[in-house]
Amino acid sequence: MAPRHPTLAERYLVMAPDLRGAGWTDAPPHGYTEEQLVADAVALLDALGLDRVHLVGLDIGAILGFRLCLAHPQRVRRFVALAAPQPSTTAHRAGSSASS
């Protein structure tokens, strides 16, 4: 099978994992919170022995990528978000109360 991203694969280990409940993954009835999906990504990095990665996220993957950067900044070298809005950082600060 040819790599999905051959140009990037010349220089990097390239993976495009499916999120929980998408593609070839199991679809459990629960566990689709952003926190759980970020935990899934960290568990994948741990299982593969990857301490720090360059991360590209598309759509919901980009939103989760932002969350991963905020929750585990030591795991991400660089991050590129595609087709997703920048999240409000004030909503993620501990003890912060978002107001409208």
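Predicted model: local features only at pLDDT ≥ 70, side-chain atom pairs only at ≥ 80, totals over all residues.
1. Which residues of α2 are buried? They are Leu37, Val38, Val42 and Leu45. Viewed down the axis of α2, the buried residues fall within an arc of 140 degrees, which means that they line one face of the helix. As for what lies over the buried residues of α2, the cover includes β1 (53-58) and α3 (60-71).

2. After α2 comes Gly49, a residue whose phi is positive, near 70 degrees.

3. How many salt bridges are there? The count comes to four, taking as the rule that a side-chain nitrogen of Lys or Arg lies within 4 Å of a carboxyl oxygen of Asp or Glu. One of them joins Asp40 to Arg20, with the closest N and O atoms 2.8 Å apart. This pair links distant parts of the chain, for Asp40 sits in helix α2 while Arg20 belongs to the loop between α1 (6-9) and α2, 20 residues apart. Asp40 is partly exposed, at a relative accessible area of 25%, and Arg20 is also partly exposed, at 24%.

4. A further salt bridge brings together the side chains of Glu34 and Arg67, at 2.3 Å from N to O. Here too distant parts of the chain are linked, with Glu34 in helix α2 and Arg67 in helix α3, 33 residues apart. Is Arg67 buried or exposed? With a relative accessibility of 18%, Arg67 counts as buried, because the limit for that class is under 20%, whereas Glu34, at 31%, is partly exposed.

5. Glu35, the residue of the opening point, also meets Arg67 in a salt bridge, at 2.9 Å from N to O. Since Glu35 lies in helix α2 and Arg67 in helix α3, the pair ties together parts that are 32 residues apart in sequence. Taken together, Glu34, Glu35 and Arg67 are linked in a network of salt bridges.

How values were computed:
Residues numbered from 1 in each chain as written. Heavy atoms only, no water. Buried < 20%, exposed > 50% of the residue type's maximum accessible area, 1.4 Å probe, protein only. Helix = DSSP H or I, 4+ residues; strand = E, 2+ residues; numbered from the N terminus. Arc of directions from axis to C-beta. Contact = heavy atoms within 4.5 Å.
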